[in-house]
Structures are given as C-alpha cells and as structure tokens.
Amino acid sequence: MTLEWKLVVDCADPHAQAAFWAQALGYEVEDNSALVGRLLAAGVVGEEAVTPDHAAFRTLRAVRHPDDPVDPDSGTGLGRRILFQAVPEPKAGKNRLHIDLHAGPERRDAEVDRLTALGATVLQVVREPGSHHVTMADPEGNEFDVQ
C-alpha cells in the first residue's frame, strides 16, 4: 500500500513562505477560496481565521505543482505539495529535512543568483568528491540545496 503525502514546513509567515517557494519552484500558490467560503457560510470559522480575500487561512498557505490535479471542492493540490503553517516559536538549529533543487551543473550558478534575488541567502558552497552544490536558506532561514 502506498500513501499520499505533503511536506509541511513550520514558519512565522506562511504567506510569504508560500510566495517565495512558488517562485523558487515554479509552483502555484493554492486558492482555497471554495473551502474557505463554505466554512465561513457554515459558521465553522470566522473572518479572523481567513485572509481578507478569503483565498486561504491566515495561518496556513500551500503551494502545488501546476501539473498535478486539484480537488475542486477545496482548491487543495492532490500531488506534489508543500504546506506552510504558522507556529509561534522561531526556527532553532539546522533542519533535519530539507529540499534539494536539481538545476544541473550548467544552470546551478544562475539558479543560485535567481533564488538570491527572491530573498534566499547562500550559506555554503560545497565541493566534495561526487557532489558540488550550494546550501542556501529561504527567507526564514530554512536550509535547502541547489545541485
């Protein structure tokens, strides 16, 4: 039996993180307005729980691969997806899980420059036998590699 999954990232600002990662990956920020509208109409959530445009929840925002299917009743991606959720505590220490972006050796430097322009920072350039990659941090300090 296989399971479907999503990657969940704790953060301070899920909307800023979703915007960064959507641009970084070429993903789409999810529009959950159908679900939000139903929950508002039923009184399950109040205006304080959702964004002013009713497209998402204030403490959650997700990005999805543009080619993957979407649940039309919720706007939730049904494939490759990253959900950013607000948490009160700041990031502490090194990530135990991280994303690797595979640009290839011919595009790696240009990709690092593009991601830096989006708000990422270079932490380390790694040249080891069998590997050459750049470790970066997203705008909230979460590490990821560009290979």
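Predicted model: local features only at pLDDT ≥ 70, side-chain atom pairs only at ≥ 80, totals over all residues.
Start with the annotation. The UniProt record, an unreviewed entry, places a "domain: Glyoxalase-like" feature at residues 7-146. That span is 23% helix and 29% strand. Its end C-alpha atoms lie 18 Å apart.

Now the sheet. Four strands form an open sheet, in the order β1-β4-β3-β2, with mixed pairing. The edges are β1 (7-11) and β2 (28-29), each pairing on one side only. Look at β3, residues 60-64, and β4, residues 81-86. They pair in the antiparallel sense, over five bridges. R64 stands opposite R81 in β4.

Keep your eye on R81. Which residue forms a salt bridge with R81? E30 does, with the closest N and O atoms 2.5 Å apart. This pair links distant parts of the chain: E30 sits in the loop between β2 and α2 (33-41), R81 in strand β4, 51 residues apart. Both E30 and R81 are buried.

The whole structure has five salt bridges. Here are two others. E143 pairs with K91, closest N and O atoms 3.4 Å apart. Again, distant parts of the chain are linked: E143 is in strand β8 (residues 143-146), K91 in the loop between β4 and β5 (99-101), 52 residues apart. E143 counts as buried because its relative accessibility is 15%. K91, at 35%, counts as partly exposed.

Last, a local pair. E111 and R114 form a salt bridge, closest N and O atoms 2.5 Å apart. They are three residues apart in helix α3 (residues 108-118), so about one helical turn separates them. E111 is buried at 11% relative accessibility. R114 is partly exposed at 32%.

Technical notes: Residues numbered from 1 in each chain as written. Heavy atoms only, no water. Pairing = 2+ DSSP bridges. Helix = DSSP H or I, 4+ residues; strand = E, 2+ residues; numbered from the N terminus. UniProt positions renumbered as here; feature names shortened; annotations may be inferred. Salt bridge = Lys/Arg side-chain N within 4 Å of Asp/Glu carboxyl O. Buried < 20%, exposed > 50% of the residue type's maximum accessible area, 1.4 Å probe, protein only.
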